[in-house]
Protein chains: 2
Amino acid sequence: MVEQQFREYIKTISNYQEAIGVLGWDLRTGAPRKGVEQRSEVIGTLSSEVFKMSTSDEIKNFIKKLREESTWFQLDEVTRGSVKECEKELKKLEKIPEKEFKDYVILTSNAESAWEEAKHNSDFASFQPYLEKIVDFNRKYVEWVGYEGNKYNALLDDYEPGLTVDIIDDVFGKLREAIVPLVKAVTESPNQPKTDFLFEHFPTKNQEALSKEILKSMQYDFEAGRLDTAVHPFATGLNPGDVRVTTKYDEKDFRTAVFGTIHEGGHALYEQNIDKKYIGTPLCDGTSMGIHESQSLFWENFVGRNKAFWEKHYDKLKEYATGQFDDVDLDTFYRGINVAGPSLIRIEADEMTYSLHIIVRYELEKALINGEIEVKDLPKAWNDKMEELLGIRPSNDAEGVLQDVHWSGGSFGYFPSYALGYVYAAQLKNALDKDLPNYDDLLREGNLAPIKEWMTKHVHQFGKSKEPLEILKDVTGEGVNPSYLIDYLREKYSEVYKL
Amino acid sequence: MVEQQFREYIKTISNYQEAIGVLGWDLRTGAPRKGVEQRSEVIGTLSSEVFKMSTSDEIKNFIKKLREESTWFQLDEVTRGSVKECEKELKKLEKIPEKEFKDYVILTSNAESAWEEAKHNSDFASFQPYLEKIVDFNRKYVEWVGYEGNKYNALLDDYEPGLTVDIIDDVFGKLREAIVPLVKAVTESPNQPKTDFLFEHFPTKNQEALSKEILKSMQYDFEAGRLDTAVHPFATGLNPGDVRVTTKYDEKDFRTAVFGTIHEGGHALYEQNIDKKYIGTPLCDGTSMGIHESQSLFWENFVGRNKAFWEKHYDKLKEYATGQFDDVDLDTFYRGINVAGPSLIRIEADEMTYSLHIIVRYELEKALINGEIEVKDLPKAWNDKMEELLGIRPSNDAEGVLQDVHWSGGSFGYFPSYALGYVYAAQLKNALDKDLPNYDDLLREGNLAPIKEWMTKHVHQFGKSKEPLEILKDVTGEGVNPSYLIDYLREKYSEVYKL
């Protein structure tokens with residue numbers, strides 16, 4: 001009886017979150033400008049209801065009753081997992097003073113527009129006061145919620161539970177050690193790929209049709225989703241029967257849409273294939289940002305940038321293009337789409353340098369939260385780190401410290417997930433190779449179903465019922481291990497650049 | 001203080017309704033099939049919250065305190081209007097037994113799919129049990145909420161407050177008396193318009209561009225709206241800064257999109273131009289279904305089917321078409337788009353016969369609610385009425401009694417609004433002619449702004465703060481008067497059919 005009431009209660013929370021999700025999707029895919037301010041208030045109303053329900057006396061009572069020993073072990077597995085999630089959330093939310101939380105929500109909502117303008121004008125000083133308050137809140141936040149070891153661990157826990165500064169320092173240290181010399185070798189290689197053919201006119205309409213075909217071949221279910229455009233593409237799981245992908249089309253560079261769609265499609269496959277028994281609970285979600293990113297990056301890089309994939313799809317690409325690849329053989333094409341080298345903008349970075357961009361941000365965040373540097377020091381510290389890791393220095397803050405939206409929204413602790421996801425993806429690929437040793441043949445045949453099914457079996461289906469390290473351990477038998485990614489990058493770029 | 005708290009309270013209700021509105025728009029414009037069931041639950045959760053808030057002790061207390069004489073006359077006009085609306089809503093909702101209401105919500109939600117299937121199979125018997133329960137509820141409903149005079153008045157009040165069976169019987173009687181002989185004359189006229197050119201291939205893409213141009217010339221604000229496609233087109237006002245239009249494209253009949261878009265655009269202009277002071281209150285809405293329909297029908301017929309409008313727009317239409325009008329002069333085109341005559345399907349009916357379709361439904365509804373006929377008698381009664389009024393008889397129930405969705409959703413009392421809206425539109429047009437005697441010239445120049453401004457000044461801006469008859473009286477100095485519509489139809493069809 002209590003169990004059923006609890007399940008109804010969390011189902012209501014989950015319904016509110018789904019409504020917020022639809023409103024968010026709508027805002028980012030073409031909601032009219034003049035309605036946005038009022039729409040934000042609607043989202044605010046629903047969000048504050050979710051906050052209230054997640055910290056109410058009612059939910060505390062549910063947890064208390066369900067935790068009683070005579071009850072606990074008779075509960076359904078899904079209920080037990082949900083109670084744990086609610087407890088975890090409650091413990092955090094309870095510790096944040098309500099007034100400070102509300103002020104912070106308003107602060108970050110205003111900070112995003114301040115950031116946009118600052119980036120537009122490359123004017124860090126105008127954003128600095130916002131960022132100082134945001135960092136200040138996060139420094140207090142880690143004290144409120146508590147931590148073991150490094151203060152930054154408290155933030156990591158929000159995005160990548162189980163991961164700590166000790167683990168990440170080790171993993172990122174190894175990545176850095178391996179990738180920095182690889183970047184040097186690639187940059188200096190006399191065998192630079194030809195790339196001019198990448199930048200010819202490719203009509204949007206054709207890119208859209210191609211994107212849909214690729215999504216279908218990835219086993220993305222269009223009866224449980226749709227493809228739209230957005231300025232900043234994303235995927236969103238509203239419920240497992242409605243998981244939407246967005247992309248954007250650059251008629252002068254088809255890669256934006258093709259690889260962007262595959263990337264978001266990877267996120268979407270995760271959400272479409274969570275076991276339906278988790279619907280209406282907090283477990284019906286990806287388990288962490290890192291595992292989510294492992295899915296998007298697996299599909300984008302280990303499938304989409306794999307030569308065997310293009311053995312099947314290159315003819316298809318030519319069909320949709322208007323002649324730009326007619327004189328380009330597959331090998332030249334493959335090398336072209338895998339061109340790599342130091343660049344300033346993270347979201348435009350290649351597979352090889354991507355992790356280095358993340359390490360820059362991770363080290364700055366860690367230093368900020370631990371009070372080792374201050375916000376005012378960031379622009380210089382950013383540029384120094386870029387020079388140290390990538391050998392290039394931004395000439396202004398728009399292409400430096402102001403390039404990412406994350407900090408304006410208070411997402412400290414998020415960035416490491418990107419590189420961790422990449423590390424996980426390589427580990428998963430290694431495990432998958434043992435079960436599907438004919439991996440490249442499958443790509444060559446365009447038979448991606450077994451690959452998707454493997455991911456569903458080992459990752460997707462569990463939703464949030466398993467922690468990231470638990471998933472990793474169960475599939476690979478290991479913890480986080482960057483050596484698979486390192487081996488992969490070395491091998492791949494040795495081939496592409498004939499090192 | 002209480003006033004402010006009340007305004008915050010109703011703002012929250014209005015935010016919930018806006019969220020429900022977005023979810024509804026989304027469901028009808030391409031939400032993936034597999035997510036619909038779960039999405040309906042989300043809408044259910046939010047709707048039941050609105051029901052709770054609208055009938056809570058809190059709102060009762062607000063109303064009581066604000067109604068105290070010392071307070072009442074110090075209230076802002078918007079607050080006073082809102083209190084009245086909340087009171088009205090509360091009085092109704094309170095009288096419905098909660099259990100019966102909930103059962104009815106579930107019943108109508110299931111009845112819609114039952115209706116769809118029944119219509120598909122032209123099988124009234126399978127829908128009959130649902131409809132019997134729905135009629136039964138409505139018969140009880142009129143007793144719960146009470147009525148003066150005819151029982152059907154209680155239902156009319158939900159859609160067209162101030163209108164009664166006495167008024168409508170009189171109005172519809174006059175319409176019938178005038179239109180039935182007109183239909184006969186038109187049908188028998190030897191001067192039938194040429195129409196073959198209407199049905200040639202007109203690419204969707206071009207129809208879409210044309211639809212957008214026409215909406216813009218109507219002064220529809222695309223920064224406060226968007227145009228999408230839907231199987232059953234509609235317009236929806238989420239807030240005055242976000243009012244969306246939907247349409248559908250038939251490549252074998254451009255009229256579906258062009259006149260459909262103008263129609264929905266007329267609804268949208270109403271919602272975009274409600275005074276912003278009403279945002280966050282129940283007054284931020286069209287005042288009735290009839291006045292709403294007066295706007296859509298005014299634009300569709302008095303603008304879109306006017307010859308002067310096409311003197312400006314016919315060349316534009318030819319630009320977007322692929323040759324189908326090249327040998328068709330304006331007069332032939334004008335007569336073609338105004339072809340009229342008896343038909344079976346309401347939503348495909350022309351201006352002349354439309355009201356007769358409505359009268360069929362009105363008379364059946366009235367008889368049902370008053371217990372003069374039973375649901376099982378409907379198919380035959382429908383066909384008899386069609387024969388009596390339009391002179392044609394449906395050969396099956398799909399093109400007869402099962403054609404409309406309304407009854408499956410329990411919308412008894414809604415249909416009369418369509419014909420009333422048409423009558424209002426003609427009355428408004430008559431008043432507008434006095435202020436803008438150069439009306440046809442404005443259309444000829446494509447200068448629609450003064451027309452839209454006139455509608456905003458006299459209708460749009462007030463939202464729900466004035467009742468339908470109040471609006472009509474203030475603009476025209478009269479009550480409902482069908483003679484303007486009758487004169488208009490006689491004159492127009494005499495010209496088109498050279499009677």
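A salt bridge is counted here where a side-chain nitrogen of Lys or Arg lies within 4 Å of a carboxyl oxygen of Asp or Glu. In this predicted model, Asp242(A) forms such a salt bridge with Arg39(B), and the closest N and O atoms of the pair are 2.9 Å apart. Between chain A and chain B the count is 12 salt bridges, and 31 residue pairs are in polar contact, both residues being at pLDDT 80 or more. On the side of chain A that touches chain B, the elements giving two or more residues are α1 (2-28), α2 (36-54), β2 (235-239) and β3 (242-247) of chain A, and α1(A) provides the largest share with 10 residues. The residues of that side of chain A fall into the classes tabulated below.

| Class of residue, chain A side | Count |
|---|---|
| Nonpolar | 13 residues |
| Polar | 10 residues |

The contact takes 36 residues from chain A and 36 residues from chain B. Together the two chains bury about 2,900 Å² between them, with 48% of it on carbon and sulfur atoms. Of the area that chain A buries against chain B, 18% is supplied by Pro32(A), Gln38(A) and Glu223(A), more than by any other three residues.

Within chain A, Ser294(A) belongs to helix α12 (residues 289-303). Ser294(A) counts as buried because its relative accessibility is 0%, where buried means under 20%. Leaving aside residues up to four places away in sequence, Ser294(A) touches Gly421(A), Tyr424(A), Ala425(A) and Leu428(A). Asp315(A) is 21 residues from Ser294(A) along the chain, and the C-alpha atoms of these two residues are separated by 28 Å.

Conventions:
Residues numbered from 1 in each chain as written. Chains lettered and ligands numbered in written order. Predicted model: local features only at pLDDT ≥ 70, side-chain atom pairs only at ≥ 80, totals over all residues. Heavy atoms only, no water. Contact = heavy atoms within 4.5 Å. Buried area = accessible area lost by both parts, 1.4 Å probe. Polar contact = N/O pair within 3.5 Å; in protein donor to acceptor, adjacent residues only side chain to side chain. Helix = DSSP H or I, 4+ residues; strand = E, 2+ residues; numbered from the N terminus. Nonpolar A, V, L, I, M, F, W, Y, C, P; charged D, E, K, R; others polar. Buried < 20%, exposed > 50% of the residue type's maximum accessible area, 1.4 Å probe, protein only.
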